[in-house]
Amino acid sequence: MKKSAIIVPEGCSEVLLHACCAPCSSAIVEWLTANNVRPTIFYFNPNIWPREEYEIRKNESKRHAEGLGIRWIDGDYDHGQWREAVCGLEEEPERGLRCEQCFRLRLTVAARKAQELGLHYFATTLASSRWKSLAQIERAGQAAAAAVPGTAFWAQNWRKDGLQERRNQLLREYGFYNQQYCGCEFSAK
């Protein structure tokens with residue numbers, strides 16, 4: 001049997017999973033539950049624009065979680081807050097400083113939510129996208145954990161162990177809406 005590239009942190013039986021969308025979270029949630037880790041899905045994505053796009057993705061994430069009987073939490077949509085956080089970085093390319101600042105904002109809010117719920121570990125589905133920089137995600141997650149006492153970021157490349165292929169299978173099985181851009185108005189160009 002092949003050794004898994006995904007390692008559950010010691011003592012982790014529950015994790016707050018920041019989810020960017022249902023397609024990206026589906027295989028991760030399946031893996032977590034199969035490995036005795038109970039996820040709480042936290043949907044916090046103020047970067048998504050326009051609002052209609054945000055609502056479609058939010059509803060798909062909620063539908064997925066509810067269908068599996070998994071706790072799902074809606075973070076507030078405050079696109080203005082996100083715009084302030086990335087102000088001056090609008091012309092940055094994908095995987096540039098704007099993306100890292102976006103990750104930092106979203107993961108810091110996720111860390112606060114984990115702390116509020118009494119969960120030590122938090123992770124993100126952002127690390128499942130081949131379009132995102134794993135190094136940026138890890139830096140943002142570590143900064144978030146450092147800023148929120150009692151939390152630890154589970155830095156994981158969720159593309160490993162066939163999860164990318166499983167994501168694509170689940171996308172079809174569930175009939176998920178599959179977006180064609182990360183969500184922000186700058187990436188849609």
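This is a predicted model: local features need pLDDT of at least 70, side-chain atom pairs count only at pLDDT 80 or more; totals for chains, interfaces and linings use all residues.
Residues are numbered from 1 along each chain as its sequence is written, and side-chain values use heavy atoms, with hydrogens and water left out. Local features need pLDDT of at least 70 and side-chain atom pairs count only at pLDDT 80 or more, whereas totals for chains, interfaces and linings use all residues.

Helices (H or I, at least four residues) and strands (E, at least two) are DSSP runs, numbered from the N terminus. In helix 5 (residues 134–147), Q136, I137, A140, G141, A144 and A145 are buried, buried meaning under 20% relative accessible area, exposed over 50% and partly exposed in between (1.4 Å probe, protein chains only). They lie on the same side of helix 5 because they cover an arc of only 165° around the axis, as given by the directions from the helix axis to the C-beta atoms. The buried residues of helix 5 pack against helix 4 (97–117), strand 4 (121–124) and strand 5 (152–153), with contact meaning heavy atoms within 4.5 Å.

A salt bridge is a side-chain nitrogen of Lys or Arg within 4 Å of a carboxyl oxygen of Asp or Glu; by this rule there are 13 salt bridges. One of them joins E100 to R139, with the closest N and O atoms 2.8 Å apart. E100 lies in helix 4 and R139 in helix 5, so this pair ties together parts that are 39 residues apart in sequence. E100 is buried, at 11% relative accessible area, while R139 is partly exposed, at 44%.
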